[in-house]
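Please look at the sequence and the 3D structure shown below, and keep both at hand while you read the report that follows.

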Amino acid sequence: MTDFAVQCENLVRTFREGQVRALDGVSLNVPSGQVFGLLGPNGSGKTTMVRILSTILKPESGTATVMGHDVVRHPERVRRLIGLAGQYATVDESLTGFENLRMIGKLNHMESAVVVRRSRELLEQFGLSDAANRPTKTYSGGMRRRLDLAAALVAQPPLLFLDEPTTGLDPQSRQDLWGVIENLVEGGTTVLLTTQYLEEADRLAKQLVVLDHGKTIAEGTPAELKAQLGTTVLALTFNTQEDAARGLELVKELSNVPPIADGTIIELTVNSGPAVAADALRRIDADHLTLAGLALREPSLDDVFLTLTGHKTDDVVETATDEHQRKARS
Amino acid sequence: MSTDNLATSKTPVTSLADHGGSSIRWAISDTLTIAQRNILAIVRIPTSLVFALLQPVMFVLLFRYVFGGAIHTPNGIPYVDFLIPGILVQTTIFGAVGTAIGLAEDLQRGLIERFRALPMARMAVLGGRTVADFLRNILVLIVITVVGIAVGFRPSGGVLPYVAASLIMLLFAYSLSWGFAYIGLKAPNSETAQAMTFPLIFPLTFASSIFVPVETMPGWLQAFAKNQPVSQTADAVRGLMTGQPIGNSAWVSIAWSIAALAILAPLATRAYRRVI
């Protein structure tokens, strides 16, 4: 048995007759027993990767093995080792929560008695016992997501694919789900997690690969990525573009990576936020410039992309808060 | 949500058990699991139950009491005896639309993707769906027969011919299920799936001998209406149930069904393999 739960080399998959290169030669080694993060915006190839590894799609070229089994040659062996859950929460709306889990258990060829016991156990653990006998179309978004994850866990697979499991969830549900994932990994499960959130990857993943347009643009531990990037973004807002241009000359050496200037705003990526902020203020003050605003924030996926590729993510990457607010409104 | 003890479940892992030699047993078991799911969906969703049962009953009442008096039947057989076997065939055709819509919905929602990542038999998704259709059609057969008898239908052909007629109808309906499954897999969404079936089922059900004798239709239409498979099936079912001569319509219907199955089942299976 290998130490890697997933190994793939030069995976290529295109769509629309080759016009879209969803995966363009990606190689991965996912060590067993930890969370491995695939970070990237919409359309970067994360979901295509998960679909290939879970035998839903076939790659055009390249190889992939799951626990030593080739996903193209022995998909039936791979399917017995994996669980799949994601942002689309694919549950059968006309069935109850219990019936959904029972169906998945049966289709995993488990014994009926075991399926029933395991389904009840999972419903209990995911706080769905009270709703167990209600059709899932009456479930809230968060409940569906939990049931979807429960369905992926019915057969207790040693490898779990989680495709943007917290996209669209409110902060509390997100925290809960993170707890669940950490628990699973403690029990020996390997998790391949895709996410658009740097925070999520940072919290859960031991190792990360950053994808952009189907290509790996960075890999390493979250600490390594952040060291490359700085841990804090210092945003300085000036009154005019001329002021911003003068200010940029004064503070640019404080940034770990080349600072980003956009109109009247300058963004510096730094390690020690408050100290650098104080230093920047002194320099600006000494030059008799005034600031319109100053903010310190965590780097986002956008910052990672700017740093790594020099371009912003093509998609508008929604923050958790944006989506939560939209959900609350609707 | 409790996060304790999730990883260390008390239930032993049994799903990775050896499957050697029992793949046919699992294929049957998976097909029945999917069929059960689809039956539950029909029963749970009120509109689909209406579609499956209430609508044909309305058709019976409409044609029996509203239109029936104006329709002249050949050989002077009562119109109700002409109508009920026709309604049976029509209901199975309309019911098959549900297969197209259901599969398109499963695709849209990502359920087919989930099934594909499971160690279940490949064929079970389509197999289970068509088996569910088959069971629904048996229910339709029973309900329409009972309602028919209540409104004056007198199947005078005897029990064995009635059973033979039912089998011919069920076989025809089963072959149709595969065709509608194909449409469901090819449609981009469930609304389109429904729209795609319309231009198909309309001429097949109405330019046929289901509701009216084809003899009153204009010549060009008669040529189509007389020979198309729905009419052949309706003629065979009607003749057997009411004890009238059926000519070779039973054999023609069976031949159509087998030919359709031989073409449509592989077509739908191929579409299922390529659908994602």
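Is L153(A) buried or exposed? L153(A) is buried because its relative accessible area is 4%, where buried means under 20%, exposed over 50% and partly exposed in between, with a 1.4 Å probe and protein chains only. This is a predicted model, in which local features need pLDDT of at least 70, side-chain atom pairs count only at pLDDT 80 or more, and totals for chains, interfaces and linings use all residues. Residues are numbered from 1 along each chain, chains are lettered from A, and side-chain values use heavy atoms, without hydrogens and water.

L153(A) lies in helix 5 of chain A, where helices (H or I, at least four residues) and strands (E, at least two) are DSSP runs numbered from the N terminus. The C-alpha atoms of L153(A) and L101(A) are separated by 9.3 Å, although these residues are 52 apart along the chain.

The whole structure has 6 cavities of 30 Å³ or more, a cavity being a set of points on a 1 Å grid where a 1.4 Å probe fits but cannot get out, with lining residues having an atom within 4 Å of a point. The largest cavity holds about 110 Å³ of space, and strand 6 of chain A gives the largest share of its lining, 3 residues. Among the lining residues are I82(A), N108(A) and R114(B).

The lining of the largest cavity divides as follows.

| Kind of residue | Number in the lining |
|---|---|
| Nonpolar | 9 residues |
| Polar | 2 residues |
| Charged | 1 residue |

Here Ala, Val, Leu, Ile, Met, Phe, Trp, Tyr, Cys and Pro count as nonpolar, Asp, Glu, Lys and Arg as charged, and the others, Gly among them, as polar.

Conventions. On a 1 Å grid over the protein atoms alone, a cavity is a set of points where a 1.4 Å probe fits but cannot get out, and a pocket is an open set with protein on both sides within 12 Å along at least five of seven lines; lining residues have an atom within 4 Å of a point. Grid points are joined across faces, edges and corners, and a volume is the space filled by probe spheres set on the points.
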